[in-house]
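Biologist: I'm new to this structure and would like to learn how to read it. Could you walk me through it, one feature at a time?

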Amino acid sequence: TNSSTSSSAAAAQQNGMLAFSRCMRSHGVPSFPDPNSRGVLPKRQVAQLTASNLEFPAAHRACEHLLPNGGQPTQAQVQQAWTD
């Protein structure tokens, strides 16, 4: 049952990130990317948008409630970010 738990957690992560991406696009960041199949956003593309889109900070504030864990990374996500 552990694999089904992790797959449902991954699906929840992906759904949350997809909702976040859609929210960002609707709040003035039209080229915000969708997450991949693991619910991970392409960091380089997001970083470019952060630097180039003046609407990004306000859109992020409006949408961060949709992020899994309230936008705070889990310890596993922090570890993954360092290894990507």
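Modeller: Happy to, and let's begin with one term. A nonpolar core is a set of buried Ala, Val, Leu, Ile, Met, Phe, Trp, Tyr and Cys residues joined through side-chain atoms within 4.5 Å. Keep in mind that what you see is a predicted model.

Biologist: Which residues have the most contacts inside the largest nonpolar core here?

Modeller: They are Phe20, Met24, Val29, Phe32, Leu41 and Phe56, in a core of 13 residues. Helices α1 (2–26), α2 (43–52) and α3 each supply at least two residues of this core. The most come from α1, which gives 4 residues.

Biologist: Let me step back to the overall layout. How many helices and strands does the chain have?

Modeller: There are 4 helices and 0 strands. Reading along the sequence gives the pattern α-α-α-α.

Biologist: And what share of the chain is buried?

Modeller: Buried means under 20% relative accessible area. Of the 84 residues in the chain, 25% are buried. The chain exposes about 5,600 Å², and carbon and sulfur atoms supply 55% of that area.

Biologist: How do I see which parts of the sequence come together?

Modeller: Look at contacts by their separation along the chain. Among contacts with a separation of 6 or more, 49% are between residues 24 or more positions apart. Here is one case: Cys23 lies in helix α1 and touches Ala62, Cys63 and Leu66, leaving out residues up to four places away in sequence. Cys23 and Ala62 are 39 residues apart along the chain, yet their C-alpha atoms are separated by 8.0 Å. Cys23 is also buried, with a relative accessible area of 11%.

Biologist: Now helices. How do I tell which way a helix faces?

Modeller: The general idea is that an α-helix has 3.6 residues a turn, so residues three or four places apart point the same way. Now try α3, residues 56–63, where the buried residues are Phe56, Ala59 and Cys63. Seen down the axis of α3, these buried residues fall within an arc of 65°, so they line one face of the helix.

Biologist: What does Ala59 touch, beyond its neighbours within four places in sequence?

Modeller: Ala59 is in contact with Met24, His27 and Val29. At 1% relative accessibility, Ala59 counts as buried. Its C-alpha is also 8.3 Å from that of Arg25, a residue 34 places away in sequence.

Biologist: You mentioned His27. Where does His27 sit, and what does it touch?

Modeller: His27 is in the loop between α1 and α2. Setting aside neighbours within four places in sequence, His27 contacts Glu55, Ala59, Ala62 and Cys63. The side chains of His27 and Ser26 are joined by a polar contact of 3.3 Å. His27 is partly exposed, at 36% relative accessibility.

Biologist: What about charged pairs? Which side chains meet in a salt bridge?

Modeller: The structure holds 1 salt bridge. It joins the side chains of Asp34 and Arg25, at 3.0 Å from N to O. Both partners are partly exposed: Asp34 has a relative accessible area of 38%, and Arg25 is at 27%.

Biologist: One last spot. Which residues does Ser21 contact, leaving aside neighbours within four places in sequence?

Modeller: Ser21 is in contact with Phe32, Pro33, Asp34, Pro35 and Leu41. Ser21 is in helix α1 and is buried, with a relative accessible area of 0%. Now look from Leu41: apart from residues up to four places away, Leu41 touches Met17, Phe20, Ser21, Phe32, Pro33, Asp34, Pro35 and Val46.

Terms used: Residues numbered from 1 in each chain as written. Predicted model: local features only at pLDDT ≥ 70, side-chain atom pairs only at ≥ 80, totals over all residues. Heavy atoms only, no water. Buried < 20%, exposed > 50% of the residue type's maximum accessible area, 1.4 Å probe, protein only. Contact = heavy atoms within 4.5 Å. Areas by Shrake-Rupley, 256 points an atom, 1.4 Å probe, with all protein chains shown as cover. Salt bridge = Lys/Arg side-chain N within 4 Å of Asp/Glu carboxyl O. Arc of directions from axis to C-beta. Polar contact = N/O pair within 3.5 Å; in protein donor to acceptor, adjacent residues only side chain to side chain.
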